[in-house]
Amino acid sequence: MRSEVDVTAGELVVRARKGEAAAWDALVRRYTPMLWSVARSRGLAGPAAEDAVQATWLRLVQRIDTLWEPESVGGWLATVCRNECHALFDAPFAPPPRPPGDDADPAPGPESRSVDRDRLERLAAALRAMPERCRTMLRMLASSATYTEVSAALDLPVGSVGPIRARCLRRLRGSLDE
Amino acid sequence: MDELLDELRRAFELLDPPPPALFEAARAAFAFRDPDASLAELTRDSTPAGAGLRGTSRLLTFTGENVTVELQVSSAGPVRVLTGRLTPARPATLCVRHSRGETRAQVDESGHFVTGGIPSGQVMLHFTLPDATTVVTSWSRL
């Protein structure tokens, strides 16, 4: 039996079109972390970020049958999520966005004993201090996004993702060494 | 993967993971799938001048193949009152889908409908026409 990561996104879309809930669940598991990265990097607080991601999935439910390129569903989702974040910022009477991550206050999990939590917090703080483009790109790539998905979320030519990634990583290393 | 990116992945998994409820909500969205429905897309969204004296009011228009849905949204605290018209006019059953479930209403022969108590957030209108075909609007944040 193939593991879930071996199944292509296009195949999952085709199976979900036939009504297979397991295929939809697999899409949700595969892409929700990336969409969350996009929404949080854009500076949306927790509930607004959840709203943007959920709106993105609701759009896919309605359009899954008419997607032109099922294989590119990740890029499609990233683009829709970017627009949803944008709409939330522009919504009338929207609360002002808060800096990303300022309401992150999870209880330390069992994992925190086995990793250097201080180091991870410093790393996350350094990323938050970076320009939005670097922040979104690195956080997306850390969530296993492809260059195509990053280019869709940031509205950049796909060819520029590699060079910008290298610059952003260099910059992040620099600020950690300070 | 770059070592630093791998560290970043661990950092955000620990410090700011997607909430489990988000996965649940996204999974549940599949239940709204209705491949046979005709989709009416949002084509106009405006807040008329002078609105907001007694709550805010928004006018939305959804356009699909041979169908238009005009919707006026009034705020009454955290809930919304929807007043609208389906064109061409015909009676229909309306099911408003929102974050807390569904609210049902009837569309009269002139195509008009009204329904209240809709929670703010993502909302979609699902019409069942007399010939049993269905029309849905795109999800909108009301």
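Over all chains of this predicted model, the count of salt bridges comes to 22. A salt bridge is taken as a side-chain nitrogen of Lys or Arg within 4 Å of a carboxyl oxygen of Asp or Glu. Eight salt bridges are found across the interface of chain A and chain B. Arg141(B) takes part in a salt bridge with Asp51(A), with the closest N and O atoms 3.1 Å apart. This pair crosses between chains: Arg141(B) lies in strand β10 (residues 140-141) of chain B, and Asp51(A) lies in helix α3 of chain A. Helices (H or I, at least four residues) and strands (E, at least two) are DSSP runs, numbered from the N terminus. The side chain of Arg141(B) also meets that of Glu84(A) in a salt bridge, at 3.2 Å from N to O.

Residues are numbered from 1 along each chain as its sequence is written, and chains are lettered from A and ligands numbered from 1 in the order in which they are written. Local features need pLDDT of at least 70, side-chain atom pairs count only at pLDDT 80 or more, and totals for chains, interfaces and linings use all residues, while side-chain values use heavy atoms, with hydrogens and water left out.

The interface was also described by contacts and area. In chain A, 53 residues are in contact (heavy atoms within 4.5 Å) with 36 residues of chain B. The two chains bury about 4,100 Å² between them, 66% of it on carbon and sulfur atoms. Buried area is the accessible area (1.4 Å probe) that two parts lose on being put together, summed over both.

Helix α3 (residues 46-63) of chain A packs against helix α2 (residues 20-28) of chain B: their axes come within 9 Å and cross at roughly 20°. α3(A) is therefore roughly parallel to α2(B), a term for angles under 35 degrees. Axes are lines fitted to C-alpha atoms, for helices over the stretch in contact, and angles run from 0 to 180 degrees between N-to-C directions. From α3(A), the contact is made by Glu50(A), Val53(A), Gln54(A) and Trp57(A); from α2(B), by Leu22(B), Ala25(B) and Ala26(B).

Two backbone features occur in loops of chain B. A cis peptide bond joins Thr87(B) and Pro88(B), with omega about -5°. Pro88(B) sits in the loop between β4 (79-87) and β5 (92-98). Asn66(B), a residue other than glycine, has a positive phi near 60°. Asn66(B) is in the loop between β2 (57-64) and β3 (67-76).

Notes
Angles under 35 degrees count as roughly parallel, over 145 as roughly antiparallel, 65 to 115 as roughly perpendicular and the rest as oblique.
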